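Me: Hey, can you walk me through this one? I'd like to start with the rings and then look at the sheets.
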Amino acid sequence: MTLPEFQTEARAANLDEALGFTIPARNARGRLVRLGPLLGHILSAHDYPAPIARTLSEALVLAALLGSLLKEEEGQLTIQAQTESGIIELLVVDFRAGDLRGYVRFAAARLSDLPSHRDLAALFGKGYFAITFDHPVADQRYQGIVPLEGGSLAEAAQNYFSQSEQLPSVVRVAVDDTGHVAGGILVQHLPEGEEGRDRLHTRLDDPDWEHVRLLAETIKGNELSDPALPLADALWRLFHEEEVRVQGAIALRKGCRCNFDYIRAVIARFDPAERARMVDEDGFISVDCEFCSRVFPLSPSDFED
Ligand SMILES: [Zn+2]
(Lines give C-alpha, C1' and ligand atoms only; values in the text may rest on other atoms or scores of the structure.)
Protein backbone atom coordinates (compact mmCIF):
# COMPACT_ATOMS: atom_id res chain seq x y z
CA MET A 1 0.00 0.00 0.00
CA THR A 2 1.29 3.41 -0.87
CA LEU A 3 0.42 6.00 1.71
CA PRO A 4 -0.27 9.34 0.08
CA GLU A 5 0.47 12.65 1.74
CA PHE A 6 -3.19 12.56 2.72
CA GLN A 7 -2.31 10.64 5.85
CA THR A 8 -0.81 13.68 7.57
CA GLU A 9 -4.05 15.59 6.98
CA ALA A 10 -6.08 12.75 8.41
CA ARG A 11 -4.07 12.85 11.62
CA ALA A 12 -5.20 16.39 12.23
CA ALA A 13 -8.88 15.52 12.03
CA ASN A 14 -9.94 12.03 13.02
CA LEU A 15 -13.53 12.83 13.87
CA ASP A 16 -16.65 13.65 11.89
CA GLU A 17 -15.25 12.48 8.61
CA ALA A 18 -15.58 9.75 6.03
CA LEU A 19 -12.61 8.38 4.14
CA GLY A 20 -13.10 6.70 0.76
CA PHE A 21 -10.78 4.12 -0.71
CA THR A 22 -10.54 1.58 -3.49
CA ILE A 23 -8.43 -1.52 -4.00
CA PRO A 24 -8.44 -1.56 -7.82
CA ALA A 25 -6.62 -4.85 -8.28
CA ARG A 26 -9.29 -6.57 -6.16
CA ASN A 27 -12.30 -4.67 -7.57
CA ALA A 28 -13.17 -3.44 -4.11
CA ARG A 29 -14.22 -0.10 -2.70
CA GLY A 30 -14.86 1.09 0.80
CA ARG A 31 -15.55 3.81 3.32
CA LEU A 32 -14.30 4.38 6.83
CA VAL A 33 -16.23 6.75 9.07
CA ARG A 34 -15.68 8.14 12.52
CA LEU A 35 -18.16 10.40 14.28
CA GLY A 36 -17.48 12.47 17.38
CA PRO A 37 -18.79 15.98 18.10
CA LEU A 38 -21.64 15.67 15.62
CA LEU A 39 -23.10 12.78 17.61
CA GLY A 40 -23.27 15.05 20.66
CA HIS A 41 -24.80 17.77 18.52
CA ILE A 42 -27.54 15.48 17.18
CA LEU A 43 -28.23 13.69 20.48
CA SER A 44 -28.36 16.93 22.48
CA ALA A 45 -31.56 17.88 20.64
CA HIS A 46 -33.21 14.84 22.22
CA ASP A 47 -33.21 13.25 25.63
CA TYR A 48 -32.79 9.64 24.63
CA PRO A 49 -32.00 6.89 27.13
CA ALA A 50 -28.65 5.18 26.52
CA PRO A 51 -29.83 2.18 24.42
CA ILE A 52 -31.80 4.47 22.11
CA ALA A 53 -28.95 6.98 21.80
CA ARG A 54 -26.56 4.15 21.01
CA THR A 55 -28.81 2.71 18.33
CA LEU A 56 -29.21 6.13 16.72
CA SER A 57 -25.42 6.58 16.80
CA GLU A 58 -24.99 3.26 14.99
CA ALA A 59 -27.56 4.29 12.40
CA LEU A 60 -25.81 7.63 11.86
CA VAL A 61 -22.52 5.83 11.17
CA LEU A 62 -24.35 3.65 8.65
CA ALA A 63 -25.87 6.73 7.01
CA ALA A 64 -22.40 8.27 6.72
CA LEU A 65 -20.96 5.05 5.26
CA LEU A 66 -23.70 4.67 2.66
CA GLY A 67 -24.28 8.38 2.03
CA SER A 68 -20.62 9.00 1.25
CA LEU A 69 -20.96 6.51 -1.63
CA LEU A 70 -23.26 8.97 -3.43
CA LYS A 71 -21.59 10.48 -6.45
CA GLU A 72 -24.13 13.24 -7.04
CA GLU A 73 -23.52 16.17 -4.76
CA GLU A 74 -27.22 16.84 -4.17
CA GLY A 75 -27.91 13.13 -3.68
CA GLN A 76 -29.58 11.99 -0.49
CA LEU A 77 -29.41 8.74 1.39
CA THR A 78 -32.19 7.85 3.83
CA ILE A 79 -32.38 4.88 6.15
CA GLN A 80 -35.66 4.10 7.87
CA ALA A 81 -36.20 1.26 10.30
CA GLN A 82 -39.85 0.70 11.06
CA THR A 83 -41.47 -1.90 13.24
CA GLU A 84 -44.81 -3.45 13.94
CA SER A 85 -44.25 -4.31 17.56
CA GLY A 86 -40.86 -3.03 18.64
CA ILE A 87 -39.75 -0.76 21.47
CA ILE A 88 -38.31 1.40 18.70
CA GLU A 89 -41.25 2.32 16.50
CA LEU A 90 -39.40 4.34 13.92
CA LEU A 91 -35.82 5.31 13.32
CA VAL A 92 -34.89 7.75 10.57
CA VAL A 93 -31.44 8.96 9.56
CA ASP A 94 -30.35 10.73 6.43
CA PHE A 95 -27.31 12.12 4.69
CA ARG A 96 -26.97 14.88 2.15
CA ALA A 97 -23.71 16.54 1.11
CA GLY A 98 -22.03 15.65 4.38
CA ASP A 99 -25.03 16.69 6.51
CA LEU A 100 -26.33 14.02 8.88
CA ARG A 101 -29.47 14.04 10.99
CA GLY A 102 -31.69 11.51 12.69
CA TYR A 103 -34.35 10.75 15.29
CA VAL A 104 -36.02 7.81 16.98
CA ARG A 105 -39.63 7.29 18.05
CA PHE A 106 -39.84 4.72 20.80
CA ALA A 107 -42.07 3.40 23.57
CA ALA A 108 -40.36 4.71 26.71
CA ALA A 109 -42.63 2.67 28.97
CA ARG A 110 -41.35 -0.55 27.43
CA LEU A 111 -37.64 0.20 27.76
CA SER A 112 -37.45 -1.70 31.04
CA ASP A 113 -38.33 -4.84 29.04
CA LEU A 114 -35.06 -4.53 27.16
CA PRO A 115 -32.67 -7.37 27.97
CA SER A 116 -29.10 -6.35 28.83
CA HIS A 117 -27.98 -8.10 25.69
CA ARG A 118 -29.97 -5.94 23.35
CA ASP A 119 -30.23 -7.25 19.81
CA LEU A 120 -32.29 -6.11 16.87
CA ALA A 121 -35.26 -8.28 17.74
CA ALA A 122 -35.38 -6.90 21.29
CA LEU A 123 -35.31 -3.33 20.04
CA PHE A 124 -37.31 -3.55 16.84
CA GLY A 125 -39.47 -6.66 17.15
CA LYS A 126 -40.61 -7.49 13.67
CA GLY A 127 -39.00 -4.74 11.68
CA TYR A 128 -38.22 -3.54 8.20
CA PHE A 129 -35.25 -1.69 6.93
CA ALA A 130 -35.61 0.68 3.99
CA ILE A 131 -32.62 2.23 2.28
CA THR A 132 -33.29 4.96 -0.27
CA PHE A 133 -30.80 6.61 -2.58
CA ASP A 134 -32.16 9.80 -4.16
CA HIS A 135 -30.38 11.33 -7.13
CA PRO A 136 -32.31 14.55 -7.81
CA VAL A 137 -30.22 15.75 -10.78
CA ALA A 138 -30.56 12.42 -12.58
CA ASP A 139 -34.16 12.28 -11.24
CA GLN A 140 -33.66 8.74 -10.01
CA ARG A 141 -34.56 6.99 -6.81
CA TYR A 142 -33.51 3.55 -5.69
CA GLN A 143 -35.23 2.01 -2.72
CA GLY A 144 -34.78 -1.40 -1.20
CA ILE A 145 -36.72 -2.82 1.72
CA VAL A 146 -35.59 -5.88 3.62
CA PRO A 147 -36.61 -7.48 6.92
CA LEU A 148 -34.61 -6.14 9.83
CA GLU A 149 -32.65 -9.26 10.64
CA GLY A 150 -29.31 -9.97 12.25
CA GLY A 151 -27.53 -9.08 15.45
CA SER A 152 -27.05 -5.40 14.64
CA LEU A 153 -28.01 -2.63 12.23
CA ALA A 154 -24.63 -3.13 10.54
CA GLU A 155 -25.43 -6.78 9.97
CA ALA A 156 -28.85 -5.87 8.59
CA ALA A 157 -27.18 -3.43 6.18
CA GLN A 158 -24.69 -6.08 5.12
CA ASN A 159 -27.55 -8.48 4.42
CA TYR A 160 -29.35 -5.76 2.50
CA PHE A 161 -26.42 -5.32 0.12
CA SER A 162 -25.77 -9.02 -0.30
CA GLN A 163 -29.39 -9.99 -0.85
CA SER A 164 -31.15 -6.98 -2.28
CA GLU A 165 -28.31 -5.47 -4.30
CA GLN A 166 -26.26 -8.57 -5.06
CA LEU A 167 -23.30 -6.56 -3.81
CA PRO A 168 -21.10 -8.61 -1.48
CA SER A 169 -20.24 -6.33 1.45
CA VAL A 170 -18.67 -6.16 4.87
CA VAL A 171 -20.25 -3.64 7.24
CA ARG A 172 -19.06 -3.06 10.80
CA VAL A 173 -20.12 -0.33 13.23
CA ALA A 174 -18.87 0.32 16.76
CA VAL A 175 -19.79 2.84 19.44
CA ASP A 176 -17.25 3.37 22.24
CA ASP A 177 -18.19 2.85 25.89
CA THR A 178 -18.69 6.56 26.52
CA GLY A 179 -21.14 6.83 23.62
CA HIS A 180 -19.29 9.94 22.42
CA VAL A 181 -17.41 8.35 19.52
CA ALA A 182 -18.63 5.90 16.91
CA GLY A 183 -17.05 4.50 13.80
CA GLY A 184 -17.65 2.11 10.98
CA ILE A 185 -16.34 0.48 7.87
CA LEU A 186 -18.01 -0.59 4.64
CA VAL A 187 -16.15 -2.65 2.05
CA GLN A 188 -17.82 -3.83 -1.15
CA HIS A 189 -17.01 -5.78 -4.23
CA LEU A 190 -16.89 -2.99 -6.78
CA PRO A 191 -19.80 -3.15 -9.25
CA GLU A 192 -17.67 -1.45 -11.91
CA GLY A 193 -15.51 -4.53 -11.75
CA GLU A 194 -18.36 -6.33 -13.48
CA GLU A 195 -18.02 -4.39 -16.69
CA GLY A 196 -17.56 -6.73 -19.59
CA ARG A 197 -17.48 -9.68 -17.29
CA ASP A 198 -19.81 -12.37 -16.21
CA ARG A 199 -22.05 -11.27 -13.39
CA LEU A 200 -20.91 -14.33 -11.47
CA HIS A 201 -17.60 -12.59 -10.84
CA THR A 202 -19.18 -10.58 -8.06
CA ARG A 203 -20.44 -13.66 -6.30
CA LEU A 204 -19.35 -14.24 -2.75
CA ASP A 205 -16.84 -16.88 -3.77
CA ASP A 206 -14.76 -14.58 -5.98
CA PRO A 207 -11.17 -15.12 -4.75
CA ASP A 208 -10.30 -11.40 -4.82
CA TRP A 209 -13.39 -10.55 -2.82
CA GLU A 210 -12.78 -13.43 -0.45
CA HIS A 211 -9.30 -12.04 0.26
CA VAL A 212 -10.55 -8.49 0.83
CA ARG A 213 -13.44 -9.71 2.97
CA LEU A 214 -11.19 -11.72 5.27
CA LEU A 215 -8.85 -8.75 5.76
CA ALA A 216 -11.75 -6.32 6.34
CA GLU A 217 -13.29 -8.62 8.93
CA THR A 218 -10.16 -8.42 11.09
CA ILE A 219 -11.09 -4.85 12.08
CA LYS A 220 -11.78 -4.50 15.80
CA GLY A 221 -14.50 -2.37 17.32
CA ASN A 222 -11.99 -0.25 19.23
CA GLU A 223 -10.09 0.47 16.02
CA LEU A 224 -13.25 1.90 14.54
CA SER A 225 -14.12 4.03 17.55
CA ASP A 226 -10.67 5.07 18.84
CA PRO A 227 -10.30 8.80 18.09
CA ALA A 228 -6.51 8.51 18.54
CA LEU A 229 -6.24 6.18 15.55
CA PRO A 230 -6.42 8.10 12.26
CA LEU A 231 -8.71 6.48 9.73
CA ALA A 232 -5.83 6.18 7.24
CA ASP A 233 -3.85 4.23 9.87
CA ALA A 234 -6.79 1.90 10.49
CA LEU A 235 -6.89 1.34 6.72
CA TRP A 236 -3.16 0.65 6.64
CA ARG A 237 -3.49 -1.97 9.40
CA LEU A 238 -6.10 -3.81 7.34
CA PHE A 239 -4.73 -3.61 3.83
CA HIS A 240 -1.00 -2.82 4.03
CA GLU A 241 -0.15 -5.58 1.59
CA GLU A 242 -2.59 -4.23 -0.99
CA GLU A 243 -2.38 -1.28 -3.28
CA VAL A 244 -5.01 0.96 -1.77
CA ARG A 245 -6.06 4.24 -3.35
CA VAL A 246 -7.21 6.65 -0.70
CA GLN A 247 -9.68 9.34 -1.75
CA GLY A 248 -10.12 12.71 -0.09
CA ALA A 249 -11.85 12.83 3.25
CA ILE A 250 -15.46 14.01 3.37
CA ALA A 251 -16.24 16.31 6.29
CA LEU A 252 -19.44 15.41 8.14
CA ARG A 253 -21.65 17.69 10.22
CA LYS A 254 -25.07 17.86 11.78
CA GLY A 255 -27.39 19.42 9.27
CA CYS A 256 -31.11 19.92 8.93
CA ARG A 257 -33.23 21.70 6.35
CA CYS A 258 -35.69 23.04 8.88
CA ASN A 259 -35.83 26.81 9.09
CA PHE A 260 -38.66 29.28 9.19
CA ASP A 261 -38.68 30.05 5.46
CA TYR A 262 -38.58 26.38 4.46
CA ILE A 263 -41.40 25.41 6.83
CA ARG A 264 -43.46 28.40 5.73
CA ALA A 265 -42.98 27.43 2.06
CA VAL A 266 -44.18 23.88 2.80
CA ILE A 267 -47.32 25.08 4.60
CA ALA A 268 -47.96 27.72 1.92
CA ARG A 269 -48.62 24.91 -0.57
CA PHE A 270 -51.86 24.04 1.25
CA ASP A 271 -54.92 25.96 0.25
CA PRO A 272 -56.23 28.60 2.70
CA ALA A 273 -59.13 26.42 3.92
CA GLU A 274 -56.76 23.59 4.81
CA ARG A 275 -54.41 26.00 6.52
CA ALA A 276 -57.29 27.38 8.55
CA ARG A 277 -58.01 23.88 9.87
CA MET A 278 -54.37 23.55 10.99
CA VAL A 279 -54.55 26.55 13.33
CA ASP A 280 -54.43 25.40 16.96
CA GLU A 281 -56.25 26.90 19.94
CA ASP A 282 -53.39 29.34 20.51
CA GLY A 283 -53.88 30.69 17.00
CA PHE A 284 -50.78 29.14 15.48
CA ILE A 285 -49.95 26.49 12.94
CA SER A 286 -47.32 24.59 14.87
CA VAL A 287 -44.94 22.56 12.76
CA ASP A 288 -42.30 20.51 14.46
CA CYS A 289 -39.04 19.12 13.17
CA GLU A 290 -38.53 15.73 14.74
CA PHE A 291 -34.88 15.71 13.72
CA CYS A 292 -34.22 18.79 15.84
CA SER A 293 -37.03 18.51 18.45
CA ARG A 294 -37.92 22.04 17.47
CA VAL A 295 -41.32 23.61 16.98
CA PHE A 296 -41.97 26.37 14.44
CA PRO A 297 -45.12 28.32 15.31
CA LEU A 298 -46.51 29.96 12.21
CA SER A 299 -49.15 32.64 12.36
CA PRO A 300 -51.91 32.73 9.71
CA SER A 301 -50.67 36.25 8.95
CA ASP A 302 -47.39 34.73 7.76
CA PHE A 303 -49.28 33.60 4.67
CA GLU A 304 -50.87 36.92 3.76
CA ASP A 305 -49.35 38.69 0.79
ZN1 LIG B 1 -34.63 20.22 11.88
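This is a predicted model: local features need pLDDT of at least 70, side-chain atom pairs count only at pLDDT 80 or more; totals for chains, interfaces and linings use all residues.

Me: OK, so which residue lies over the face of Phe-291?
Reply: That's Arg-101, at 3.8 Å from the ring centre.

Me: Where is Arg-101 found? And is Arg-101 buried or exposed?
Reply: Arg-101 is part of strand S5. Its relative accessible area is 11%, so Arg-101 is buried, the cut-off being under 20%.

Me: Which side chain does the side chain of Arg-101 make a polar contact with?
Reply: With the side chain of Asp-94, at 3.0 Å. Leaving aside neighbours within four places in sequence, Arg-101 is also in contact with several others, including Ile-42, Leu-60, Cys-256 and Phe-291.

Me: Back to rings. How many aromatic pairs does a search of the whole structure find?
Reply: Four. One of them is Tyr-103 with Phe-291: the centres are 5.0 Å apart and the planes are at 80°, so this pair is edge-to-face.

Me: Why does that count as edge-to-face?
Reply: Because planes over 60 degrees apart count as edge-to-face, and these are at 80°.

Me: Which parts does the pair tie together?
Reply: Tyr-103 is in strand S5 (residues 99-106), while Phe-291 is in the loop between strand S12 (285-289) and strand S13 (294-298), so the pair links parts that are 188 residues apart in sequence. Tyr-103 counts as buried at 9% relative accessibility, and Phe-291 counts as buried at 12%.

Me: Now the sheets. What is the order of the open sheet of six strands?
Reply: S7-S6-S3-S4-S5-S11, with mixed pairing. Strand S7 (140-147) and strand S11 (253-254) are the edge strands, and each pairs on one side only.

Me: How many bridges join strand S4 to S5?
Reply: Eight, and the two run antiparallel, with S4 covering residues 88-96. In that pairing, Ile-88 stands opposite Phe-106 in S5.

Me: What does helix H3 touch when it packs on the sheet?
Reply: Helix H3 (residues 50-67) touches strand S3 (76-83), S4, S5 and strand S6 (127-135), and its direction makes about 35° with that of S4. H5 packs on this sheet as well, touching S6 and S7, with its direction at about 115° to that of S7.

Me: And the sheet with five strands, what is its order?
Reply: S8-S9-S2-S1-S10, an open sheet with antiparallel pairing. Strand S8 (169-175) and strand S10 (245-251) are at the edges with a single partner strand each, so one side of each has no neighbour in the sheet. On average, neighbouring strands here are turned by 10° against each other, direction ignored.

Me: How many bridges pair strand S1 and strand S2?
Reply: Seven, in the antiparallel sense, between residues 17-23 of S1 and residues 28-35 of S2. The bridge partner of Leu-19 is Leu-32 in S2.

Me: Which strands does helix H5 touch on this sheet?
Reply: Helix H5 (residues 153-164) touches S8 and strand S9 (182-189), and its direction makes about 165° with that of S8. Helix H6 (residues 207-216) packs on this sheet too, touching S1, S2, S8 and S9.

Conventions:
Residues are numbered from 1 along each chain as its sequence is written. Side-chain values use heavy atoms; hydrogens and water are left out. Rings of Phe, Tyr and Trp (its six-membered ring) pair if their centres lie within 6.5 Å; planes under 30 degrees apart count as stacked, over 60 as edge-to-face and the rest as tilted. Helices (H or I, at least four residues) and strands (E, at least two) are DSSP runs, numbered from the N terminus. Buried means under 20% relative accessible area, exposed over 50%, partly exposed in between (1.4 Å probe, protein chains only). A charge sits over a ring if NZ of Lys or CZ of Arg is within 6 Å of the ring centre and within 35 degrees of the ring normal. Two strands pair if DSSP finds at least two bridges between them. Axes are lines fitted to C-alpha atoms, for helices over the stretch in contact, and angles run from 0 to 180 degrees between N-to-C directions. Contact means heavy atoms within 4.5 Å. A polar contact is a pair of N or O atoms within 3.5 Å; within protein, one must be able to donate a hydrogen and the other to accept it, and residues adjacent in sequence count only if both atoms are side-chain atoms.
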